[in-house]
Each structure stands twice: as structure tokens, then as C-alpha cells.
Amino acid sequence: MDTKKLANLLYPNAKPIEYWLEKYPKRNLPQGAEVTRISPSPTGYLHIGHAYSALISKLTAMQTNGVFYFRLEDTDQKRLIDNAGDIAYNMLTHYNLKPDEGYRGDELPQIGEYGDYVQSKRLAIYQSFARYLVEKGRAFPCFCKKSEGMEDIEERRNKQLEESGFIEEKDVCRNLTLEEITNKINDGEPFALKLKSEGNPEKTFEFTDLIKGKREIRENAKDVVLMKSNGIPPYAFAHAVDDSLMGTTIVVRGEEWFPSLSAHLEIFNALGFKAPKYAHTPVICKLDESGNKRKLSKRKDPEADVRFFIEAGYPKIAVIEYLLNLLNSDFEIWRANNPTKKYTEFPFSIQKIGSNNPMFDFAKLSDISKNYISHLTAEEVYSMLVEWANKFDIEFCKTLTENPDYSKQVLNIDRENAKPRKDIAKWSEVKNYFDYMFYGIKNYELDGIDKEKFKEVIKAYKDVYNENDDKETWFKRIKELAPSLNYAVDNKLYKACPEQFNGNIADFCTYIRLALTGKKNSPDIYEIAKILGAKEVKRRFENI
RNA sequence: GCCCCUAUGGUCAAGAGGUCAAGACGUCGCCCUCUCACGGCGGAAUCAAGGGUUCGAUUCCCUUUAGGGGUACCA
């Protein structure tokens with residue numbers, strides 16, 4: 001077959017590949033610099049798994065003084081969603097995963113010399129390389145869908161499967177003559193371009209994945225689609241062309257791609273490109289209702305979408321550090337030894353990523369988040385909280401910003417201690433946690449509380465409270481008052497024979513706390529009373 | 001069905017041919033303490049099963065089992 005003629009017939013207007021090769025020369029980067037990318041498809045949200053691989057890619061680029069770029073993979077026309085690219089870019093930026101290069105949403109201009117960074121704008125490029133493969137005799141047009149109908153193909157495959165348990169992937173359209181093809185083209189029949197595979201699945205070759213290590217891989221025998229009949233390439237071909245032209249050195253992607261790796265490698269090879277290094281990452285899973293582990297899915301699991309964590313008000317650093325913890329389990333040891341350093345200083349390593357699919361653990365996320373928030377200043381907490389509330393709880397936002405000084409005082413309670421409290425894991429909890437400071441007491445947590453004793457204690461204590469007391473004096477007064485109502489000040493004494501007392505000093509304080517906050521659990525009541533002011537404190541005592 | 005990946009406590013996991021099998025979260029108990037929390041101390045809890053190889057296997061090999069993923073003109 002005259003492949004030059006065929007190429008001309010199929011892609012008469014395609015530029016020679018040299019044009020693109022010249023336009024996109026090799027990157028001039030320092031030794032060891034890695035070029036990585038994030039390439040989501042525009043589905044209208046950013047999957048936590050994307051954030052996960054973006055983190056790996058970004059850190060790797062940062063550590064090697066390389067480049068981390070964004071490419072939008074919008075080749076699936078059926079799944080296009082408005083603003084999806086913007087959303088993905090904004091989510092990435094929100095999580096400090098801002099790309100150095102590439103697509104930046106629909107509003108901002110792209111950065112970089114290797115664009116366009118949106119695949120649907122690169123059709124001319126794909127055509128050139130498609131034409132090139134045809135010329136080389138490594139690709140052929142397939143008219144099956146139109147001429148036989150999808151059903152025929154499926155039938156054929158199922159039949160083969162039943163008979164031999166093996167699908168012969170070599171396509172029948174390989175055998176079309178130039179004349180037949182010419183006729184079909186002239187008749188306006190659409191075609192898909194397929195790879196003429198030369199692989200033998202009986203043979204294997206060695207491949208080293210950055211995460212999985214050395215593997216034996218079967219050669220590809222599938223005549224995979226290079227160009228769909230709508231003229232757009234599917235993932236595999238776009239991946240090979242773009243990552244080659246854009247100079248990607250490490251492809252970080254989910255493990256679900258591993259089975260198709262062999263085909264991808266053959267495409268790179270046919271194209272005459274050296275394939276990049278690959279890091280196939282584990283997939284984040286969850287335990288579903290029936291007790292099975294499964295991949296986080298957008299449809300069933302709200303936490304698959306990173307917006308879930310933004311809405312809930314988990315600080316972004318906490319989410320990132322949680323992911324980092326999943327990636328390199330020694331991160332938390334490092335974090336414990338370096339409490340004030342930025343996570344970007346952590347000596348992250350792709351090799352140390354485990355190959356087990358981790359289960360998402362909210363308890364762990366909360367712990368990391370609580371630790372993180374506990375180390376913030378009141379000022380920082382205030383600004384992050386307001387930023388969150390401004391989007392997700394306007395009413396609370398108004399309350400907070402009405403009197404910023406008061407809000408900050410509240411947020412500062414127990415914050416400057418040597419051992420700050422770790423009560424708050426996400427911003428959405430704060431309103432409920434501090435409601436008594438902003439909205440008064442709506443109800444008292446009285447279960448297990450002896451109301452008579454409660455009243456009695458408060459009645460006595462309200463005359464003793466003096467807002468001018470320093471903390472020491474304040475507590476001294478409590479200790480003086482407690483015995484008169486038969487509350488033990490000495491805990492050991494109390495424990496020896498609790499029945500002889502109404503309670504101990506702890507119980508006594510619980511009543512005060514309850515009167516002031518309505519809760520049995522709150523930060524330092526001395527501070528709370530101080531911020532509330534004598535008038536309000538008195539009012540709350542009177543209420544009992 | 002076929003192909004690929006994975007297998008250490010409830011979860012995340014370190015680990016090496018010989019270990020009392022790290023650490024963290026969670027959980028339980030005790031201590032500290034004005035409650036809760038924080039903090040401190042301690043406990044319970046793991047090498048999926050069966051075969052090999054070996055003086056010795058949780059570690060290497062095989063099989064089974066379980067789970068995940070793929071098997072698209074989706075990514």
C-alpha cells in the first residue's frame with residue numbers, strides 16, 4: 001500500500017510534524033529538573049484524586065526546580081460542562097497547587113511556550129502526527145462503526161470471547177485496500193484512525209514505574225483508536241503527543257491507567273518519542289455501606305469533590321497535609337519535629353509512596369486539622385473563619401465582623417496557652433462551639449445535673465464573683481466558697497469518701513461553667529467571664 | 001470470563017531472611033486538672049490461608065482467598 005497516498009487522502013491539510021517539532025523545542029532546564037503536569041478533564045469539579053496527584057506533581061517540580069503545568073483534557077465532547085476548566089483551576093489554586101504554566105481558567109491568559117494547553121485547540125497538531133503515523137504505515141483508517149454498526153463489533157468480540165477466551169484485537173479494517181478506502185472516503189464515510197499494533201502479547205518487556213518499581217509488561221496487541229471518527233483524539237494519543245511536545249518528564253496518574261500503559265508506550269514508540277517516566281499512584285478509597293473498599297466516586301461520595309472540604313471549612317493546609325501524610329507516612333514524624341515549617345520544605349519522595357489504596361480517614365484529617373488550627377493566632381483564625389463564613393454562613397459572618405475585636409478575643413481564649421486546646425477541626429464547627437459568646441444561651445446541657453445543687457451553687461457564687469479579680473484571686477474565692485456548701489477542695493479527700501460531700505471543686509466549677517455557657521464543656525471560664533463582662537455574667541447568673 | 005494491581009492492628013503504615021514487629025489516628029485505663037480538652041503514662045489490637053525454598057519465613061517463590069482497577073471512537 002502506498003502510505004503516502006493514504007496519508008494525503010486522510011489528512012490532506014495536515015502540516016508536517018517538523019513544523020511542530022520546531023515550534024516546540026526541547027525545554028532548557030537545569031539538570032535534574034522534572035516537568036510534571038495536572039491534566040484533568042473538565043467534569044465540573046476537582047476530584048480529591050486529582051488534588052492528590054497534583055500535590056505529587058507540584059512538589060516534585062518544586063524540589064527539582066522544574067515546571068508544573070496545567071493541561072485541560074477536554075476531548076470527550078459528551079462530558080463537557082460549562083466553566084469546568086475554571087473550577088478545576090480555582091480549586092487547584094485554592095489548595096496552593098497553582099500551576100507554573102499552562103491553562104489558567106477561561107478568563108486568564110495561558111502562560112508558557114508549549115500551548116495551546118487545551119486539547120480541543122490542538123487538533124491541527126494531532127492531525128499532523130496522525131498523518132505521520134499513516135505515512136509510516138503505523139496507522140490505518142477504520143470504518144467499522146458506520147459500515148458495520150457498533151453491535152456488529154460487539155457481537156464479533158463476544159463470539160470470539162466465547163470461542164477462544166481471547167479477543168483478537170487486530171482489526172479487520174487493516175486489510176482494506178487503498179481503493180476501498182478511497183471509495184469510502186469519497187462516499188463521505190467517517191473513519192476512526194487506529195494504531196497498527198506490532199506487539200505480541202506473549203512477549204513481555206521490563207518497565208520501571210517510579211512508585212511500583214520494576215514490572216514485566218506484556219506487549220500491546222490492540223489496534224487502539226488514535227483519532228475518533230469526530231476527528232478528536234482519545235486520551236492515549238493526545239497523551240503521547242502532548243506530553244512529548246510539552247516536555248513532560250514524569251507523568252503522575254492514577255493506577256487505573258496501568259493496564260493501558262503498554263498501548264501508550266507503543267504509541268510513543270511509533271511516534272518516535274521517548275516515553276516519559278511514570279508514577280502510577282494508588283487510588284483513594286472509602287469503606288462503603290456494605291463494608292467494601294471502593295474508589296471514591298463523585299456520584300456517591302460528596303468527599304470525592306474537593307469543594308466538600310472547602311464547604312465544611314477544613315483549612316486547606318490541613319487537607320494538603322492529610323494527603324501528604326497518605327503519600328509519605330513519615331511526614332507526620334517530620335511535622336512533629338518541625339512544627340513551624342512549611343509543608344513544602346518536607347523532603348517528599350515519590351519512591352516512598354506506598355502502593356496500597358488508602359482508605360480516606362476523617363478522624364485522621366480532623367486530628368491534623370485540630371493540630372493545625374491550634375497553632376494559629378487568633379488573628380489568623382479570625383481571618384480564615386470570616387473568609388469561610390462569608391461564603392457559607394452569611395449570618396455568622398455578620399456576627400463575627402460586627403465587632404471584630406470582640407470576635408478575636410473570643411477566638412483567642414486558651415489560644416496563647418503553652419498547650420493550646422484542640423477543639424476545632426473545621427470552621428463550620430465554630431458557630432456551635434462558641435454560640436454562647438455570640439448568641440446567648442439557648443438551652444442548658446442539664447442531663448446528669450442536679451438542678452437544685454446547680455441553683456444553690458450559682459446563688460451563692462454570684463455574690464462572690466468580682467470582675468476585677470485576677471485569675472489567681474478569682475479561683476481563690478471559689479476555693480473559699482466551695483467548702484461552705486460542702487464541696488471538697490482537695491480532690492484526694494473527695495475521692496476517698498465522695499458520699500460525704502455534695503461534690504468536689506470540679507463539680508462546683510461545672511455549675512459555674514454551665515451558668516455561663518450552657519455547656520459542660522468549654523474553654524477557660526475565667527476568660528469567658530472576663531470577655532462577657534460583669535453585667536452579662538451577672539445576668540446569666542440571675543437566669544439560673 | 002480475561003488481564004493488571006494490592007495484601008502487617010479498626011484506619012494510615014515503618015520494617016528486615018533471625019526484631020520484644022516502629023510510629024500516628026482511633027479506642028480503653030490511669031495520672032494531672034476548675035469540667036471538657038490539652039498534656040503525661042500505660043493497655044488491648046496486626047504480619048489473610050495453604051504449600052514450598054531455607055538451619056530459620058511475616059519478609060523470597062507458587063497456589064488459593066479477599067479487595068481494588070482495567071477490559072470504550074470516557075478520561
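Analyst: Let's start with burial: a residue is buried if 20 or more other C-beta atoms, placed from the backbone, lie within 10 Å of its own, exposed if 12 or fewer, and partly exposed in between. This is a predicted model, where local features need pLDDT of at least 70 and side-chain atom pairs 80 or more, while totals for chains, interfaces and linings use all residues. Residues count from 1 along each chain as written, with chains lettered from A and ligands numbered from 1 in written order.

User: Okay, what makes Thr 3 buried, exposed or partly exposed?
Analyst: Thr 3 has 16 C-beta neighbours inside 10 Å, so it counts as partly exposed. You'll find Thr 3 in helix H1, residues 3–10 (helices are DSSP runs of H or I with at least four residues, strands are E runs of at least two, both numbered from the N terminus).

User: How do you know whether Ile 81 is buried, exposed or partly exposed?
Analyst: Same test. Ile 81 has 13 C-beta neighbours inside 10 Å, so it is partly exposed. Ile 81 sits in the loop between strand S2 (67–70) and helix H4 (84–94). Beyond four places in sequence, Ile 81 touches Pro 42, Thr 43 and Gly 44. Gly 44 is 37 residues away from Ile 81 in sequence, yet the C-alpha distance is 6.0 Å.

User: What about Asn 65, what is its phi?
Analyst: Positive again, about 55°, and Asn 65 isn't a glycine either. Asn 65 is in the loop between H3 and S2. It has 12 other C-beta atoms within 10 Å, so it is exposed.

User: Which peptide bond is cis, and how do you know?
Analyst: The one joining Gly 115 and Asp 116, where omega is about 5°. Asp 116 is in the loop between S3 and helix H5 (123–135).

User: Why are S1 and S3 called edge strands?
Analyst: Let's look at the sheet first. Three strands form an open sheet in the order S1-S2-S3, with parallel pairing (strands pair if DSSP finds at least two bridges between them). S1 and S3 (101–102) each have a single partner strand, so one side of each has no neighbour in the sheet. S1 and S2 are joined by four bridges in the parallel sense, and Thr 36 has Phe 68 in S2 as its bridge partner.

User: Which way do the S1 residues point?
Analyst: In S1 (residues 35–38), Val 35 and Arg 37 point one way, Thr 36 and Ile 38 the other, and all are buried.

User: What is the strand order in the antiparallel sheet?
Analyst: S4-S5-S8, an open sheet of three strands. S4 (139–142) and S8 (225–227) each have a single partner, so each is an edge strand with one side lacking a neighbour in the sheet. Four bridges join S4 to S5 (residues 192–195), and Cys 142 has Ala 192 in S5 as its partner.

User: Why are H8 and H9 called oblique?
Analyst: H8 (residues 235–245) and H9 (residues 261–271) pack at about 50°, with axes 9 Å apart. Angles under 35 degrees are roughly parallel, over 145 roughly antiparallel, 65 to 115 roughly perpendicular and the rest oblique, so H8 and H9 are oblique to each other. Contact residues include Phe 237 and Ala 240 of H8, and Ala 263 and Ile 267 of H9.

User: Last one: how many residues are in the largest nonpolar core?
Analyst: It has 90 residues, and those with the most contacts inside it are Ala 51, Leu 55, Leu 92 and Leu 323 (a core joins buried Ala, Val, Leu, Ile, Met, Phe, Trp, Tyr and Cys through C-beta atoms within 7 Å). A second, separate core has 36 residues, including Ile 125 and Val 241. Leaving aside neighbours within four places, contacts of Leu 92 include Ile 38, Leu 46 and Ala 54.

Note on methods. Two residues are in contact if their C-beta atoms, placed from the backbone, lie within 7 Å. Axes are lines fitted to C-alpha atoms, for helices over the stretch in contact, and angles run from 0 to 180 degrees between N-to-C directions.
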